Amino acid sequence: MTVIDPSPRQAERLGPLDDLDTPEPLEALFGDPADPGNPVGHQAFVDADERGDFLPAGRKTLESFGIGAEFVPRALGGRLGQADDLARVLRTVFRHDGALALGLGAINLIASSTVWAAGDAEQRRWLASVLLDNHPTAGAITELAHGDDLSRTRLRATERDGGVVLDGRKEVINNVARAHAVTVLARTSEDPGSRSHTLFLVDPAAVPRERMRFLPRYRTSGMRGTHLGGVEFLDCPLPASAAVGGYGDAMETILRCFQVTKSVASGAALGMVDTMLRTVVDFGTQRRLYGRSVTELPYVEAELADVFTDLLICDAMTTTACRALHVLPRQTSVYAAATKYLVPEIEQHAADRLALVLGARSFLREGPHAAFQKHFRDLPVAALAHSGATVCLATIIPQLPRLARRSWFTSSAPEPALFQLGRPLPDLDFGQLEANAGPDDQIVATLLDVGQDRVTDPTLRTLCGRLVDELRILRDGWRALAPRNRTPFAGPVGFELAERYAVVLAASACLGVWWHNQDHPDPFMRDTAWVVSALDRLTVRLGHEPLPQARSAARQVFAELLGRHAEHRAFDLIGRRLH
């Protein structure tokens with residue numbers, strides 16, 4: 001097995017569309033996952049999952065790459081610049097092991113983003129040094145009794161003798177017993193409302209050991225290697241300088257930062273579905289049935305083409321949401337929440353369909369297909385990480401009536417940089433993000449700008465027409481809603497309208513990515529076949545019948561899938577060689 005030393009802290013990443021025949025440095029470090037002699041191959045990760053722990057060789061691989069630098073802004077010596085770049089790096093880790101990707105990857109983003117957004121210079125410098133040394137961090141935000149309802153946080157912070165004392169506990173926190181830095185959400189006032197909570201940055205090594213007690217580890221059926229534990233603070237003293245931002249500012253800071261974590265994590269988790277699809281195509285091309293390979297059966301061909309299309313849809317939506325953090329920072333409260341709702345829904349449905357194709361082999365915990373069952377169990381854990389579907393929909397419901405009233409059919413299309421995969425963007429600026437979206441939905445405006453004014457393909461025009469009609473229905477539906485159904489306490493009608501909006505948003509992202517990447521090195525991505533298949537899939541989600549004209553596009557998608565599989569290329573918008 002060839003191992004490449006990328007000299008991680010100094011090396012620049014490959015540009016998204018540069019030299020697609022060369023693997024990314026981190027992917028090269030992982031090598032061929034199917035190689036039985038690979039210490040970080042699929043079988044090694046499956047064996048570690050059976051033991052319920054991280055694979056030591058996997059941890060060393062990430063450390064040799066300098067994974068901590070990915071979460072540190074470039075101004076502080078790290079590599080964090082563009083959100084979509086970070087999503088692709090983490091996708092590489094998810095492609096191999098979800099527990100490693102979450103425990104030594106995504107959790108660092110959750111823990112650090114609030115400090116980059118609201119911390120002072122000394123807090124940022126200290127946390128940057130922790131991450132650059134590849135030490136784990138933890139975000140003690142939620143509590144088991146209250147889940148995602150952060151307003152009900154009970155862990156208490158009280159000012160005393162010029163400092164602060166923490167009292168209470170946090171449960172089901174990833175890496176908390178191993179972390180060298182922990183961000184903690186605490187209640188600092190009993191007053192109702194959003195100004196009663198404050199974030200604190202804790203150095204576990206600097207607090208009295210008897211005042212900070214770690215709780216037993218929680219075992220899970222998926223991502224068994226993750227160390228989910230708890231921590232109890234017992235009148236634990238902290239310096240006043242531990243507060244991140246001002247007292248009472250925590251909720252707004254978290255709402256802004258969750259836009260980043262939702263977008264990046266959604267894009268990263270696609271790596272697991274990539275591996276599941278690759279495993280099933282491996283099986284289908286090698287297994288013969290009725291005198292031909294399984295992939296030649298019409299049902300299997302259709303299922304695999306649909307799943308590949310779903311991956312492209314999800315990548316288009318998550319990449320657009322990530323790039324919107326830079327280009328449209330005032331709007332991403334809605335975009336990130338819609339993405340975090342819809343993408344896991346599509347992923348889980350895709351995984352279920354792949355399991356049907358693989359059949360009984362989808363349960364095997366050893367052998368060439370064992371990686372499938374591991375990723376299948378890991379996927380729901382990744383989907384639940386830090387916010388579930390209901391919370392995401394409840395986040396966007398109060399914001400959509402204003403968009404329906406003031407934006408849809410009136411907003412101008414965004415600048416092309418939002419969709420151009422190879423176009424560099426300014427570094428992520430957490431200070432520009434808004435807790436609530438402004439009244440200008442430019443991504444959906446792409447549906448009108450491209451779908452109505454620029455598309456000439458008749459099948460694609462028909463699909464775009466369906467989506468424009470849907471947008472009109474949504475506009476009228478939001479205008480007619482009773483006031484209560486425009487709040488997080490909405491009835492089913494409000495949630496259904498929010499779900500349908502997410503589908504229209506995904507379709508708009510697909511159109512934008514296709515139209516504005518006509519310089520893509522892969523002719524398949526420049527062609528209409530994938531975007532026709534994507535919009536056909538999305539309009540079916542809205543209740544339409546599949547267009548018969550889209551069948552030829554689906555066959556082209558399937559041919560591309562087999563070609564990428566044979567050449568060991570990723571099943572995403574970039575299509576880079578993996579090994």
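Modeller: Thirteen is the count to start from: the second largest cavity has 13 lining residues, with Ala-265, Ser-266, Ala-269, Ala-382 and Ala-383 nearest its centre. Helices H5 (98–118), H7 (250–268), H10 (332–358) and H11 (370–384) each give two or more residues to that lining; a helix here is a DSSP run of H or I, at least four residues. A cavity is a set of points on a 1 Å grid over the protein atoms alone where a 1.4 Å probe fits but cannot get out, and lining residues have an atom within 4 Å of a point. This is a predicted model, where local features need pLDDT of at least 70, side-chain atom pairs count only at pLDDT 80 or more, and totals for chains, interfaces and linings use all residues. Residues are numbered from 1 along each chain as its sequence is written, and side-chain values use heavy atoms, leaving out hydrogens and water.

The second largest cavity holds about 110 Å³, counted as the space filled by probe spheres set on grid points joined across faces, edges and corners. There are 8 cavities of 30 Å³ or more by this rule.

As for packing, Leu-277 is in contact (heavy atoms within 4.5 Å) with Leu-304, Val-307, Phe-308, Leu-311, Leu-354, Leu-561 and Phe-571, leaving aside neighbours within four places in sequence.

Now the cysteines: the whole structure has 0 disulfides, meaning pairs of cysteine sulfur atoms within 2.5 Å. Cys-314 has its closest cysteine sulfur in Cys-510, 8.8 Å away, so that is too far for a bond.

Conventions
1 Å grid on protein atoms, 1.4 Å probe; cavity = no way out; pocket = protein on both sides within 12 Å on 5 of 7 lines; lining within 4 Å.
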